[in-house]
Amino acid sequence: MLWAYDNSPEDVSFGVINAFVHISMLPADPKEAEAQLSQIYAEAFGDEALHPIAFHQRDWLKADKWTLSCVSPMPPGFLTTYGEALHPSVGKLIWSGTETAEIWAGYMDGAVRSGHKAALQALQAVAGGKA
């Protein structure tokens with residue numbers, strides 16, 4: 001499993017666990033996938049997890065041809081640990097991409113913001129730091 005988190009409503013009227021799992025890690029049959037994930041959650045949360053009231057599975061590759069995973073292939077903690085290394089330019093090379101976004105990293109919005117910032121850095125460099 002890549003990662004999972006509690007996505008329950010604020011009033012905790014019911015529990016929701018949202019997980020992002022590489023498709024190759026689960027059985028192709030949704031019922032078998034549900035059973036496998038329920039077993040994993042039961043080890044962490046108790047036997048009540050063996051009896052979910054609903055199970056929804058989405059293959060992001062089939063849902064969106066531009067997305068190979070849910071959002072970002074980077075594991076939790078990667079950007080907070082190593083993210084600063086993605087920002088400094090190297091000579092005339094200015095880094096730009098969703099991974100270098102200051103907000104919305106891993107999303108298209110972050111990629112656009114990062115591209116805009118890099119364009120402004122390039123313009124400033126061409127203008128001799130006056131832009």
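Trainee: Glu34 first. Buried or exposed?
Mentor: Glu34 is buried, at 15% relative accessible area. Buried means under 20%, exposed means over 50%, and partly exposed is in between, using a 1.4 Å probe and protein chains only.

Trainee: What kind of model is this, and what should I keep in mind?
Mentor: It is a predicted model: local features need pLDDT of at least 70 and side-chain atom pairs pLDDT 80 or more, while totals for chains, interfaces and linings use all residues. Numbering starts from 1 along each chain as its sequence is written, and side-chain values use heavy atoms, with hydrogens and water left out.

Trainee: Where is Glu34?
Mentor: In helix α1. Helices are DSSP runs of H or I with at least four residues, strands are E runs of at least two, and both are numbered from the N terminus.

Trainee: Which residue forms a salt bridge with Glu34?
Mentor: Lys31, with the closest N and O atoms 3.7 Å apart. The rule asks for a side-chain nitrogen of Lys or Arg within 4 Å of a carboxyl oxygen of Asp or Glu. Lys31 and Glu34 are three residues apart in α1, so about one helical turn separates them. Lys31 is exposed, at 61%.

Trainee: Why would such side chains pair at all?
Mentor: Opposite charges can pair when the charged atoms come close.

Trainee: How many salt bridges by this rule?
Mentor: Three. Another is Lys117 with Glu102, at 2.5 Å between the closest N and O atoms. Lys117 sits in helix α4 and Glu102 in the loop between α3 and α4, so the pair ties together parts 15 residues apart in sequence. Lys117 is partly exposed at 36%, whereas Glu102 is exposed at 64%.

Trainee: And what about Arg113 and Asp109?
Mentor: Their side chains meet in a salt bridge, 2.4 Å from N to O. Both lie in α4, four residues apart, about one turn of the helix. Arg113 is partly exposed at 41%, and so is Asp109 at 36%.

Trainee: Back to α1. What span should the helix have?
Mentor: Its 16 residues, 30–45, should span 22 Å at 1.5 Å a residue, and the end C-alpha atoms are 21 Å apart, which agrees. The expected span is 1.5 Å times one less than the number of residues.

Trainee: What's at the ends of α1?
Mentor: Asp29 caps the N-terminal end, with a side-chain oxygen 3.1 Å from the backbone nitrogen of Lys31. Gly46 follows the helix, and its phi is positive, near 110°.

Trainee: Which residues of α1 are buried?
Mentor: Ala33, Glu34, Leu37, Ser38, Tyr41 and Ala42. What covers the buried residues includes β1 and β2.

Trainee: Tell me about Phe55. Where is it?
Mentor: In the loop between α1 and α2 (60–63). Phe55 is partly exposed, at 27%. Not counting residues up to four places away, Phe55 touches Pro30, Ala33, Glu34 and Leu37. Phe55 and Ile17 are 38 residues apart in sequence and 9.8 Å apart, C-alpha to C-alpha.

Trainee: New topic: Thr100. Buried or exposed?
Mentor: Thr100 is buried at 10%, in the loop between α3 and α4. Its side chain makes a polar contact with the side chain of Ser114, at 2.4 Å. A polar contact is a pair of N or O atoms within 3.5 Å; within protein, one must be able to donate a hydrogen and the other to accept it, and residues adjacent in sequence count only if both atoms are side-chain atoms. The backbone oxygen of Gly97 lies 2.9 Å from a polar atom of the Thr100 side chain.

Trainee: Last one. What's the overall layout?
Mentor: From the N terminus, the elements run β-β-α-α-α-α. Of the 131 residues in the protein chain, 15% count as buried.

Terms used. Contact means heavy atoms within 4.5 Å.
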